[in-house]
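Please keep the sequence and the structure in view while reading.

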Amino acid sequence: SARVTPVRIGCSGWNYAHWREIVYPRGLPPRRWLEPLVASPKLGPVLWQLPESFRRDDARLAGALARLPPGRNCFEFRHESWFADEVYALLREHAVALVVGDHPLWPFQTLELTADWTFVRFHYGTRGRGGNYSRSELEEWRGRIEHWRDGGINVYAYFNNDWRGFAVRNALALRRGVER
């Protein structure tokens, strides 16, 4: 039988009070919430997120890449200057994924793949209400994810639009679409 490339879809974050008894066991105090995540065999990649004010610095990036902990690491750049071929080459050299960020404030974000896996971060839907992702947006992303998976790319997809519980609903809807 053909090998299926995995897709992992979930929510970003770990300390949302409304996740109590959904993600975290009943009665577990918040100060211990990270313990179930760190101990989980389902722990995903380490995300290195740089602020919007942090401009491109290839020498600094090269130094950081040389010191990364073992395992899967990915970088989320939020300043336009980072989206350049030289940066992609540095990431590829270290098998580090460039985060595919989805937010209307960052139209310069790219679908560039720099490793044999990718990390998609859903920040804010543009066609749903208040940051929620519309059905058509999720369908477009489903198509992209299936294309990557068909090409042997492992996909980690996380929703970060959690202010009204959108993340959980959007993750479940995308997951259902990808699993069809």
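Which residue in S3 is the bridge partner of Trp48? The partner is Phe75, and the sections below place this pair in its surroundings, bearing in mind that the model is a predicted one.

## The sheet

The strands S2, S3 and S4 form an open sheet of three strands, arranged in the order S2-S3-S4 and paired in parallel. Strand S2 (46-49) and strand S4 (97-98) stand at the edges, where each has a single partner strand, so one side of each is left without a neighbour in the sheet.

Strand S3 covers residues 73-76 and runs parallel to S2, to which four bridges join it. Trp48 and Phe75, the pair named in the opening question, are bridge partners.

## Helices H2 and H3

Two packed helices are described by the angle between their axes and the distance between the axes. For helix H2 (residues 58-66) and helix H3 (residues 85-93), the axes come within 10 Å and cross at roughly 10°. Because angles under 35 degrees count as roughly parallel, H2 is described as roughly parallel to H3.

On the H2 side of this contact are Asp58, Leu61, Ala62 and Leu65, which meet Glu86, Val87, Leu90 and Leu91 in H3. When the residues of the contact of H2 with H3 are divided by class, six are nonpolar, none is polar and two are charged.

## A salt bridge to H3

Glu86 also forms a salt bridge with Arg56, in which the closest N and O atoms are 3.4 Å apart. Arg56 lies in the loop between S2 and H2, whereas Glu86 lies in helix H3, so the pair ties together parts that are 30 residues apart in sequence. The structure holds eight salt bridges.

## Helices H4 and H5

Helix H4 (residues 135-150) and helix H5 (residues 166-179) pack with their axes 9 Å apart, at an angle of about 50°. That angle makes H4 oblique to H5, and the crossing of the two helices is right-handed.

In H4, the residues Leu138, Trp141, Arg142, Ile145, Glu146 and Arg149 meet Asn170, Ala173, Leu174, Gly177 and Val178 in H5. By class, this contact of H4 with H5 has six nonpolar, two polar and three charged residues.

Terms used
Residues are numbered from 1 along each chain as its sequence is written. This is a predicted model: local features need pLDDT of at least 70, side-chain atom pairs count only at pLDDT 80 or more; totals for chains, interfaces and linings use all residues. Side-chain values use heavy atoms; hydrogens and water are left out. Axes are lines fitted to C-alpha atoms, for helices over the stretch in contact, and angles run from 0 to 180 degrees between N-to-C directions. Angles under 35 degrees count as roughly parallel, over 145 as roughly antiparallel, 65 to 115 as roughly perpendicular and the rest as oblique. A crossing is left-handed if the near helix is turned anticlockwise from the far one by less than a right angle, and right-handed if clockwise. Contact means heavy atoms within 4.5 Å. Ala, Val, Leu, Ile, Met, Phe, Trp, Tyr, Cys and Pro count as nonpolar, Asp, Glu, Lys and Arg as charged, and the others, Gly among them, as polar. Two strands pair if DSSP finds at least two bridges between them. A salt bridge is a side-chain nitrogen of Lys or Arg within 4 Å of a carboxyl oxygen of Asp or Glu.
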